[in-house]
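Hi,

Here is the structure I promised to pass on. Have a look at it first, and my notes follow below.

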Amino acid sequence: MRANIDVCEVVAGSAAWLGRGLSCVCAQTRDIDTRPSFDLTPVQEECLLRLQNRIDVAYDSSIPEHQEALRALWKAAFPEEELHGLVSEQWKEMGWQGKDPSTDFRGAGFISLENLLYFVRNFPKSFQDLLQKQEGDRALWEYPFAVAGVNITFMLIQMLDLEAIKPRTLVGATFLKFLAENESAFDLLYCITFKLMDNQWLAMHASYMDFNICFISRQL
C-alpha cells in the first residue's frame, strides 16, 4: 500500500499545513536579520537543537554509517541494478554531477542524504516519478535529480532560518510548532518541496539551462 501513496495525498490530508507554510516561506523577503526573534517552548527548543545537530553533520565518506546510507539510497532507487562501488559512473544515472556523490553533499551535508532516503522509503512512487521524469511534458535536457535534492535541502534550511538560535520569521516559528509535534516535519516538507519544484519546472517548460532560475523562482 505504501508504494501507492503520493506526496500530494499527504499535502491534501493531515500535512496540508506544510504546503501552506511553504507558500508563506516563498513570499517572505530575505531581509530577516532585522526581524524580532520568537520565543520557543522547551520542547520546541529541544526539537530545534536535534534538527540543528543533524544539519551540522557533514557527509564523510570514511564513516561506515554514511557509506551504508549511500548504498541504501542506491538500492532503494535502483533495486534491480547492482552498485559497483561508492565511486562509480553509475551515480550519474541518479543525477549526481560525477562518479563520486560525496562531492555534491558539501553544500547541505549528511541531512541531504537523509532527506533523499526518507523520500524514497516513505513515498517510493513519487520518488521514482521524479527520478525517472515520468510525469508531464519533459524537456530533452532535464534537471539532475540528486543535485536538485541537495539544493532543496539547502534552500529549506536557509528559508526557515534553521541555523539561528531562535526563529526570526513567523513561518520559522510556525514550522517549529509542527516540528515539536512531528520530528519528521522537515523531511516531509522536503518531499513536498521536491514535488512542487518539479511542478514549477513543468509549468515553466524548463530545460537544463533553466535549472537555477527554477530554484530561484521557488524562493520569490
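Predicted model: local features only at pLDDT ≥ 70, side-chain atom pairs only at ≥ 80, totals over all residues.

**What I found**

Helix H5 (residues 110–122) and helix H9 (residues 185–203) cross at roughly 75 degrees, and their axes come within 9 Å of each other. Axes here are lines fitted to C-alpha atoms, for helices over the stretch in contact, with angles running from 0 to 180 degrees between N-to-C directions. H5 and H9 are therefore roughly perpendicular to each other (65 to 115 degrees counts as that, under 35 as roughly parallel, over 145 as roughly antiparallel and the rest as oblique). On the H5 side the residues are Ile111, Glu114, Asn115, Leu116, Tyr118 and Phe119, and they meet Phe186, Asp187, Leu188, Tyr190, Cys191 and Phe194 in H9; contact means heavy atoms within 4.5 Å. The residues of this H5 and H9 contact divide into nine nonpolar, one polar and two charged.

Residues are numbered from 1 along each chain as its sequence is written, and side-chain values use heavy atoms, with hydrogens and water left out.

**The overall picture**

The protein has ten helices and zero strands. Helices (H or I, at least four residues) and strands (E, at least two) are DSSP runs, numbered from the N terminus. Of the 220 residues, 50% are buried; buried means under 20% relative accessible area, exposed over 50% and partly exposed in between, with a 1.4 Å probe and protein chains only. If you take the contacts between residues at least 6 apart in sequence, 70% of them join residues at least 24 apart.

**H5 and H6**

H5 also packs with H6, at an angle of about 115 degrees and with the axes 5 Å apart. Here Leu116, Phe119, Val120, Arg121 and Asn122 in H5 meet Pro124, Ser126, Phe127 and Leu130 in H6. That contact divides into six nonpolar residues, two polar and one charged. H6 itself covers residues 124–131, and its buried residues include Phe127, Leu130 and Leu131.

**Rings**

How many aromatic pairs does a search of the whole structure find? Eleven, where rings of Phe, Tyr and Trp (its six-membered ring) pair if their centres lie within 6.5 Å, and planes under 30 degrees apart count as stacked, over 60 as edge-to-face and the rest as tilted. Phenylalanine 119 and phenylalanine 127 make an edge-to-face pair, 5.6 Å centre to centre with 85 degrees between the planes. Both phenylalanine 119 and phenylalanine 127 are buried. Phenylalanine 145 and phenylalanine 194 are stacked instead, at 5.0 Å centre to centre and 25 degrees between the planes. This pair links distant parts of the chain, with phenylalanine 145 in helix H7 (residues 145–159) and phenylalanine 194 in helix H9, 49 residues apart. Phenylalanine 145 counts as buried because its relative accessibility is 2%, and phenylalanine 194 does so at 0%. Ring pairs join Phe119, Phe127, Phe145, Tyr190 and Phe194 into a cluster.

**Lysine 133 and tyrosine 143**

Lysine 133 follows H6 and has a positive phi, near 55 degrees. Its charged end sits over the ring of tyrosine 143, 4.3 Å from the ring centre (the test is NZ of Lys or CZ of Arg within 6 Å of the ring centre and within 35 degrees of the ring normal). Tyrosine 143 is in the loop between H6 and H7 and, at 2% relative accessibility, counts as buried. The C-alpha atoms of tyrosine 143 and lysine 133 are 9.5 Å apart, for ten residues along the chain.

**A few single residues**

- Aspartate 161 has a positive phi near 55 degrees, though not a glycine. Aspartate 161 sits in the loop between H7 and helix H8 (170–181) and is buried, at 10% relative accessible area.
- Proline 42 lies in helix H3 (residues 42–55) and is exposed, at 66% relative accessibility. Proline 42 and alanine 180 are 138 residues apart in sequence but 9.8 Å apart in space, C-alpha to C-alpha.

Cheers

How values were computed
Nonpolar A, V, L, I, M, F, W, Y, C, P; charged D, E, K, R; others polar.
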